[in-house]
Amino acid sequence: MPQLDFGNPLIIAQIVWLLIIFGALYYMLTAYALPRVEGVLEERAARIAADLEAAQAAKSEADAAMAAHREATAKARAEAQSAIAAAMQQAQAEAAKRSEELNARLARQIDEAEARIATARDQAMGALRQVSAETTTSLVAKLGAKADAKAVDAAVDRALAARAA
Amino acid sequence: MAAEGKTIDALGQFELKTVLGPIGEAVGFTQSSAHMLLAVGIIIGTIMIGMSRRAVVPGRLQSLTESLYEFIADLVGNQVGQHEGRRFVPFVFALFTFILVGNLLGLLPYAFTFTSHIAVTFTLAFIVFVLITVVAFALHGKKFFGYFFPEGAPIWLAPIIIPVEVISYLSRPVSLAIRLFANMTAGHVLLKVFATFVVLLGGLGAVGPFIAILPLATNVAIVGFEILVALLQAYVFAILTSIYLHDAVHLH
């Protein structure tokens, strides 16, 4: 077997060449080739990490914006609700005032009317007494007697009082 | 040199011959060394061309280079430790690629398989052996000798345990070297024997070529198998080196 022919000087030469060539391979790998590979791999890892970070930042930003939006919506809703409530209250107050005024006016008018009616009745009653007295005087005159004005007035008063009672 | 004089010459392929005329003769530069140089050129060339664009999204050659690097980095990282293993990655990478390309180159027609020479495999294994011993001494000093006698073992077992451990430690480079050498040599002898059968049977008159198809088909299958062996043996060499480095760094 040629591999076991250790007397062959080429075997020793082969070992020497192997050491030189393998050493050169190791040197080239450590000095040039592998740092390049490592550099690219690290660069890629860094880039991916940076992208992930950016995505994370964007997400938190979006979350914050969403929260702000939600808050603003809630605030606007509350404001609108309070505005509605205030308007409602105001309107109610106004309506109450107006109805109160109206009631007062109506009551006043009613009072006035009642007063007018009362005076009218009093006038009418006064007129009625006069009419009664005149009627009585003329009736008595028809009967052929001279009516005593005082007696007639008294009689009419009595009759009216009895009617009113 | 297929079948000179109708005999099977399976070992002639391993003969060392100087190349480059008188210069090669003067410095003992053989076809074996030429193939080593070619392997180194292929390794460095692949990496340099593959990584020349430094693309974030890699092309084919860059992907190949990167996955090869990550494969070795993971292998060493898992065995030795992610942090302690980092500085051994280039060495294991050099070993793995050198053996792998050497094995695969040897499968090409007319090529020489330098990993089928025990002088080569033993030199590589011896480099590993020196490295693990130096690393173990540098990291642990005298405590390294504790490796040969595990703590807590009964003292009367020392005469048995210590020789066993020492022999097993010393046999590491031998087993590394012989495993690779034997696998490569056996594969190439087998290929050569069946190839010779093809030639010998092919010369047997009218039916010869038809019978010769059998060893030819066998050879095709063996080539496929040898590609597997080439990958596997490079892997075995690299992982055993990593395991030895683990022992050197952590002492068990």
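Student: What percentage of the 165 residues in chain A do buried residues make up?

Tutor: This is a predicted model, and in it buried residues account for 13% of the 165 residues in chain A. The accessible surface of the chain comes to about 12400 Å², and 62% of that area belongs to carbon and sulfur atoms.

Student: Which helices and strands does chain A have, and how spread out is the chain?

Tutor: Chain A has 2 helices and 0 strands. Its radius of gyration is 63 Å, well over the 15 Å that the globule rule gives for 165 residues, so chain A is more spread out than a compact globule. Along the principal axes, the C-alpha atoms of chain A fill a box of roughly 195 × 30 × 15 Å.

Student: Is A:Arg44 buried or exposed, and why?

Tutor: Buried means under 20% relative accessible area, and A:Arg44 counts as buried because its value is 17%. This residue is found in helix α1 of chain A, which covers residues 9-142. Leaving aside neighbours within four places in sequence, A:Arg44 is in contact with B:Ala55, B:Val56, B:Pro58, B:Gln62 and B:Glu66.

Student: How many cavities of 30 Å³ or more are there, and which residues line the largest cavity?

Tutor: Rolling a probe the size of a water molecule over the atoms shows where empty space is left. Here the count comes to 1 cavity of 30 Å³ or more, and the largest cavity has a volume of about 30 Å³. Its lining consists of A:Pro2, A:Asp5 and A:Asn8 from chain A, together with B:Phe14, B:Glu15, B:Leu16 and B:His117 from chain B. By class, that lining has 3 nonpolar, 2 polar and 2 charged residues.

Technical notes. Residues numbered from 1 in each chain as written. Chains lettered and ligands numbered in written order. Predicted model: local features only at pLDDT ≥ 70, side-chain atom pairs only at ≥ 80, totals over all residues. Heavy atoms only, no water. Helix = DSSP H or I, 4+ residues; strand = E, 2+ residues; numbered from the N terminus. Buried < 20%, exposed > 50% of the residue type's maximum accessible area, 1.4 Å probe, protein only. Contact = heavy atoms within 4.5 Å. 1 Å grid on protein atoms, 1.4 Å probe; cavity = no way out; pocket = protein on both sides within 12 Å on 5 of 7 lines; lining within 4 Å. Points joined across faces, edges and corners; volume = space filled by probe spheres on them. Nonpolar A, V, L, I, M, F, W, Y, C, P; charged D, E, K, R; others polar. Rg over C-alpha atoms; globule rule 2.2 N^0.38 Å. Areas by Shrake-Rupley, 256 points an atom, 1.4 Å probe, with all protein chains shown as cover.
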